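Thanks for coming. I will go through one structure today, and I will keep to what can be read from the coordinates.

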Amino acid sequence: MIAQPQYVFSEEQFDALREIANIGMGKASSALADLVGTTILIDVPQALCVPIGELSAVLHDPEQVTAGIYLQVTGDVSGHATFVFEVQSAHRLAATLLGVPEVPLDEVTASALMEVGNIMLSAYLTAISDFTGLQLLPSPPVMAVDMGGAILNAVIANMQHLDDFAVTIATDIYDPNQLISGTFVFLPEWGGIQKILQAIGMG
Amino acid sequence: MGNHLTVGMGEIQVVRGAGHVLTALGLGSCIGVCLYDPLTRVAGMVHVVLPKSQTDKTGELPGKFADTAIPAIVQRMVEMGASASRLKAAISGGAQLFQFGVSNTLDVGARNAEAVVAALRAAGIPLQAKDVGGNAGRTLRMVSDNGLVAVRTIGGAERELVVLGNILSASGVAA
């Protein structure tokens, strides 16, 4: 038996959350474009309230091996920000950054990738901060290489108030040659979503 | 008719008779608990997320927490005709996925595993096999025909953990 969501959001409120994600992703994608020197594209963000059991469906294939960079968000808005990208993308990205044709996924590569994720996730959060006037502070990043679904599940387990439902704001990011592709997932805690909506007059 | 059921976070699935497959995809720090009654072939799986229920929350999925998940799934299985005294268990999951950059993050996976083992012991259900801990996410599958439990990690083939329907003795593995 699943309870109803604690709060119900209107379609206009979801639109507002999508727009916020769009602003954040604009900054995150240009940060990545600067780093790798290619055009980076983003899809229309999804904003959904779903049972936690179905959350990993925001990924195209929850069983695919991915690199996931995760940081906790504190400040006015609490939440969890994750950048999950295909492991082939991770290799290519790391190789591009380190200026070599191929790299193994070791501590050095992981630390380079974590820094990329950190820069992108921080750009995303700063853009939301600037737009809403709210403070969103990133923790230091952590990284895992595993099934995308497993990584998202490990992130969800960190939610302070694990309700039956969660609001997820997810956006796909890729380059025109499909060398790099991944998904940004922002999971605000319940209180955080309300603060964001209030800050922009949609509460 | 048989079918394939996916067990998402916090969900409980119970089936009866041959031909069903229960799957928990991508278990990270979560634990997948398989319970099986060999006589009635009632099979249940629950996807546990955290060790202990939170009192200040509003959700109603008992499967999210180890302490509420085990009593809830046992009740569901008994309603489907299983006998609580015949149930046997296998568990998998509880990994610490984030290997890079982790300083002193609490290891939820290890605490989940401890809590699930304690909850099974409290319910008097013998734990026949476990595959927990480590750094790798797992996909867990149980077949209702014979209680076969199999685990797959990334880059590896699926391997059999135990066949719960084959176990005659009531003794569990050391927890």
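Start with His47(B) and what surrounds it in this predicted model. Setting aside residues up to four places away in sequence, His47(B) touches Val7(B), Gly8(B), Met9(B), Gly10(B) and Glu11(B), then Ala24(B), Leu25(B) and Leu27(B), and also Cys30(B), Ile31(B) and Gly63(B). The list also has a residue from the other chain, Asn153(A). His47(B) sits in strand 5 of chain B, residues 42-48. Is His47(B) buried or exposed? Its relative accessible area is 1%, so His47(B) counts as buried, the cut-off being under 20%. The side chain of His47(B) also reaches a backbone oxygen, that of Val7(B), at 3.0 Å.

Now chain B as a whole. It has 2 helices and 10 strands. Read from the N terminus, the order is β-β-β-β-β-α-β-α-β-β-β-β. Chain B has 175 residues, and 56% of them count as buried. Taking contacts in chain B between residues at least 6 apart in sequence, 64% join residues at least 24 apart.

Next, the interface. On the chain B side 36 residues are in contact with chain A, and on the chain A side the number is 35. Between them the two chains bury about 2,800 Å², with 63% of that on carbon and sulfur atoms. Within chain B, the residues losing the most area to chain A are Met9(B), Phe98(B) and Phe100(B), which together make up 28% of what that side buries. Met9(B) has come up already, as one of the residues that His47(B) touches.

Strand 3 (21-27), strand 8 (138-143) and strand 9 (148-153) of chain B each supply at least two residues of the side that touches chain A. Strand 3 gives the most, with 3 residues. By class, this side of chain B has 15 nonpolar, 14 polar and 7 charged residues.

How many salt bridges cross between chain B and chain A? The rule finds 2. Asp164(A) forms a salt bridge with Lys64(B), and their closest N and O atoms are 2.7 Å apart. Both Asp164(A) and Lys64(B) are buried. Over all chains the structure holds 8 salt bridges.

A salt bridge inside chain B links Asp131(B) and Arg159(B), at 3.0 Å between the closest N and O atoms. Asp131(B) is in strand 7 (residues 127-132) and Arg159(B) in strand 10 (residues 159-163), so the pair ties together parts 28 residues apart in sequence. Asp131(B) is buried at 14% relative accessibility, while Arg159(B) is partly exposed at 41%. In chain A, salt bridges with shared partners join Glu11(A), Asp15(A) and Arg18(A) into one network.

Last, the nonpolar cores. The largest has 52 residues, and those with the most contacts inside it include Leu17(A), Tyr124(A) and Phe186(A). Helix 1 of chain A, residues 11-36, gives the most to this core, with 10 residues. Apart from it lies another core, of 50 residues, among them Met147(A), Ala166(A), Ala170(A) and Ala43(B).

Technical notes
Residues numbered from 1 in each chain as written. Chains lettered and ligands numbered in written order. Predicted model: local features only at pLDDT ≥ 70, side-chain atom pairs only at ≥ 80, totals over all residues. Heavy atoms only, no water. Contact = heavy atoms within 4.5 Å. Buried area = accessible area lost by both parts, 1.4 Å probe. Salt bridge = Lys/Arg side-chain N within 4 Å of Asp/Glu carboxyl O. Helix = DSSP H or I, 4+ residues; strand = E, 2+ residues; numbered from the N terminus. Nonpolar A, V, L, I, M, F, W, Y, C, P; charged D, E, K, R; others polar. Buried < 20%, exposed > 50% of the residue type's maximum accessible area, 1.4 Å probe, protein only. Polar contact = N/O pair within 3.5 Å; in protein donor to acceptor, adjacent residues only side chain to side chain. Core = buried A, V, L, I, M, F, W, Y, C linked by side-chain atoms within 4.5 Å.
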